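Colleague: I am new to this structure and would like to learn how to read it. Could we take the features in turn?

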Amino acid sequence: MQESFVYIFFSACLINNFTLSYFLGLCPFFGVTQRLDTAFRLGLADIFVMTIASMAAWFLNTFVLKYAPYLQTICFIVVIASTVQFVEMVMKKLFPPLFRALGIFLPLITTNCAILGLAIFTTNKGYGFLEGLVYAWGAGIGVTLALVIMAGLREESDLQGVPKLVRGTAMNFLISGVLSMAFMGFAGLFSSTG
Amino acid sequence: MAATDETSRAYREFRKGIWKENPVFVAALGLCPALAVTNTTLNALVMSLATTFVLVGSSTLISLTRKAIPKQVRISCFIIVIATFVTTIDYVLKAFMYYAHKDLGAFIALIVVNCLILGRQEAFASKNTPGLAISDALGMAGGFTIALTLTGVVREILGMGTVLGMRVLPESFEPWAIMILPPGGFLTMGSLMVLFAYIKSLQDKKREQLELRAADEAAEGRAG
């Protein structure tokens, strides 16, 4: 049991990194990674919302969706959207500077595929409550890792003489391609154990 | 007169989505599906079809009900409308294109969080008449389809040497397996964006030259 938690965690965090191998949550990945600290905070918000989303998914799966499976998409998105709205209100009240820094991307966490994706994957894999939580943390930390690495690289590359044509989103894509290749290297991490 | 104005405006809204404000290459919206399901051309086409259906459907509905939706809860309303259309297309695909649906997996359900769709509702459909909203949705969906298909074709050719399952490169061509894996998505999309920016810069240069020449001629005309 212990080992399977470790496996779920690292699998979600490194091997199947949400951003770099499932392409989930790319909008903030390219949108909010100009600065390292903003990227890190967005990552934290992501972890928080993902934790709640996985609990919500478990709750819905156990009590609602068993009886009405066609409601899956609507249920997930409504519950997650209200959760995000709640986080937004708490943040606005308690951390106004952070709220300003994240700007438009906070409401967009609602439409962050990483979060709905997490809920759907948890369901498809048939994870229980605890497994779901571990999966959410793994995924959240994985996303944060990707955001922070990306922001660090972008802060550096802003100072370099990049040709005008490639500058901006195109270069971010090429950088993430290389990052994604690097993360492919983690694929062998658990091959022996399972 | 008013009718032709309306038509030309609708046409403009349609065209801007295809090229000038191409959702994927220029605005960088809706990237997740653009990368995740473009490993083959067929997947890319099915995905575009589903997205077009959802975008046009929800734009129409939102635009029709735009006066009835209270401002404070508009985002939630948009999302519920979008989710309804997504559920519909999800079940339709499952019924008629079972294998494609299986290939796309969770990504059909994830159309609901495609920022392109919510973005169009917020920025356009909720403020304009249904006619304009539909042409805007069709234009954006068209741009999205072009972007996805291009990426899908490039990745399938390089990754497997085929297009829609038909072989286009000789057998001796060693497929670049990386192109159908995740990194290939990023690299292809990045390269296409560079290409897009390059064509755009050429166009801008041409336009500048034309303007310069026009200015010269005007100056000569005055001098003459």
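Modeller: Start with the elements: helices (H or I, at least four residues) and strands (E, at least two) are DSSP runs, numbered from the N terminus. This is a predicted model, in which local features need pLDDT of at least 70 and side-chain atom pairs count only at pLDDT 80 or more, while totals for chains, interfaces and linings use all residues. Residues are numbered from 1 along each chain as written, chains are lettered from A and ligands numbered from 1 in the order written, and side-chain values use heavy atoms, without hydrogens or water.

Colleague: Which helices of chain A each supply at least two residues of the lining of the second largest pocket?

Modeller: They are α2 (18-22), α8 (113-125) and α10 (169-184) of chain A. On a 1 Å grid over the protein atoms alone, a pocket is an open set of points with protein on both sides within 12 Å along at least five of seven lines, a cavity is a set where a 1.4 Å probe fits but cannot get out, and lining residues have an atom within 4 Å of a point. Grid points are joined across faces, edges and corners, and a volume is the space filled by probe spheres set on them. Here the second largest pocket holds about 400 Å³. Its lining has 20 residues, with A:N16, A:S21, A:Y22, B:F107 and B:P182 nearest the centre.

Colleague: How many cavities of 30 Å³ or more are there?

Modeller: The count is 2. The largest cavity has a volume of about 60 Å³, and its lining includes A:C113, B:C32, B:F107 and B:V113.

Colleague: How is the size of an interface given?

Modeller: Often as the accessible area lost when the parts come together. Buried area is that loss (1.4 Å probe), summed over both parts. Chain B and chain A bury about 3100 Å², 86% of it on carbon and sulfur atoms. In chain B, the residues losing the most area to chain A are B:C32, B:V113 and B:F186, together 21% of what that side buries.

Colleague: How many residues does the contact take from each chain?

Modeller: With contact meaning heavy atoms within 4.5 Å, there are 35 residues from chain B and 37 residues from chain A.

Colleague: How many salt bridges does the rule find across this interface?

Modeller: The rule (a side-chain nitrogen of Lys or Arg within 4 Å of a carboxyl oxygen of Asp or Glu) finds 0 salt bridges between chain B and chain A.

Conventions: Buried area = accessible area lost by both parts, 1.4 Å probe.
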